[in-house]
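Please read them with the sequence and the coordinates open beside you.

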Amino acid sequence: MPTSDLFNRTIVVFSQNYLPITRVTMQRAITLLVTGKAQPLDLFEQTSWEIRSPSLVVQVTPQIRLMVNGGDRIWKVPPVNRREILRRDKHQCQYCGSHRNLTLDHVIPRSKGGKHTWDNVVTACETCNGRKGDRTPQGAGMVLKTVPKAPIHPAIAFAEQFWHSHPTTAP
Ligand SMILES: [Zn+2]
């Protein structure tokens, strides 16, 4: 019989093309398997679990593969706005790390031709933004904590993180 521990597990879902795309609950994985939308995928020759109910037996593996093309949802790069920039930068000033009085800073100032794009807008606290003024970070002698860039597709981010945590089996 399934224990509550088993039902607390999460299952990695692969696309039809064997790309890890997301993680779902055991219940969701069982639904996908029972409805034929997914099949077991024992990628690392790990255990599988036999889930029994009065009417059926389901083999659940730590990874399953979708048999339908449901993993490729339409995704667009989010717009460059305060909410999305602060989310990317984890609500942290990209110069000093402060979480308070956050504003948006154009790395190359707009007056110097800087654009309102993902790679030129960062989170900065009022103090750092005021100190930087109408200068580039180099001009102001300030250093960015990370190079700003556009968010990537969540499935690609998931795949990178997944293979990073399974280095011995990376293709
Ligand atoms: Zn700051």
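1. Ser98 sits in the loop that runs between α3 (82-88) and β7 (102-106), and in this predicted model the residue is partly exposed, with a relative accessible area of 22%. Buried is the term for values under 20%, so the 22% of Ser98 falls in the partly exposed class. Ser98 and Cys128 are 30 residues apart in sequence, while their C-alpha atoms are 9.4 Å apart in space.

2. As for the side of solvent, His91 counts as partly exposed, at 42% relative accessibility.

3. The domain assignment divides the protein chain into domain 1, made of residues 4-73 + 155-169, and domain 2, made of residues 83-140. Taken over C-alpha atoms, the centres of domain 1 and domain 2 are separated by 40 Å.

4. How many aromatic pairs does the model contain? The count comes to 4 aromatic pairs. In one of them, the rings of Phe14 and Phe162 have their centres 5.5 Å apart and their planes at 90°, so this pair is edge-to-face. The pair links distant parts of the chain, with Phe14 in strand β1 (residues 10-14) and Phe162 in helix α6 (residues 154-164), 148 residues apart. Both Phe14 and Phe162 are buried.

5. Phe162 also takes part in a pair with Phe158, whose ring centre lies 6.4 Å from that of Phe162, and the planes of the two rings are at 25°, so the pair is stacked. Phe158 and Phe162 are 4 residues apart in helix α6, and are thus separated by about one helical turn. In relative accessible area, Phe158 is buried at 14%, and Phe162 counts as buried at 1%. Ring pairs link Phe14, Phe158, Phe162 and Trp163 into a cluster.

6. Strand β6 (residues 63-66) is covered on both faces, with Gln63 and Arg65 on one side and Ile64 and Leu66 on the other, and these four residues are all buried. In a regular strand the side chains alternate between the two faces of the sheet. On the pairing of strands, β1 and β6 pair in the parallel sense over 3 bridges, and the bridge partner of Phe14 in β6 is Arg65. Strand β3 (residues 38-41) pairs with β6 in the antiparallel sense, over 4 bridges, and here Gln39 stands opposite Arg65.

7. What is the volume of the largest pocket, and which residues are the closest to its centre? The volume is about 360 Å³, and of the 15 residues that line this pocket, the closest to its centre are Arg88, Lys90, Thr146, Val147 and Lys149. By class, the lining of the largest pocket has 6 nonpolar, 3 polar and 6 charged residues.

Conventions. Residues are numbered from 1 along each chain as its sequence is written. This is a predicted model: local features need pLDDT of at least 70, side-chain atom pairs count only at pLDDT 80 or more; totals for chains, interfaces and linings use all residues. Side-chain values use heavy atoms; hydrogens and water are left out. Rings of Phe, Tyr and Trp (its six-membered ring) pair if their centres lie within 6.5 Å; planes under 30 degrees apart count as stacked, over 60 as edge-to-face and the rest as tilted. Helices (H or I, at least four residues) and strands (E, at least two) are DSSP runs, numbered from the N terminus. Buried means under 20% relative accessible area, exposed over 50%, partly exposed in between (1.4 Å probe, protein chains only). Domain bounds come from an automatic or database domain assignment. On a 1 Å grid over the protein atoms alone, a cavity is a set of points where a 1.4 Å probe fits but cannot get out, and a pocket is an open set with protein on both sides within 12 Å along at least five of seven lines; lining residues have an atom within 4 Å of a point. Grid points are joined across faces, edges and corners, and a volume is the space filled by probe spheres set on the points. Ala, Val, Leu, Ile, Met, Phe, Trp, Tyr, Cys and Pro count as nonpolar, Asp, Glu, Lys and Arg as charged, and the others, Gly among them, as polar. Two strands pair if DSSP finds at least two bridges between them.
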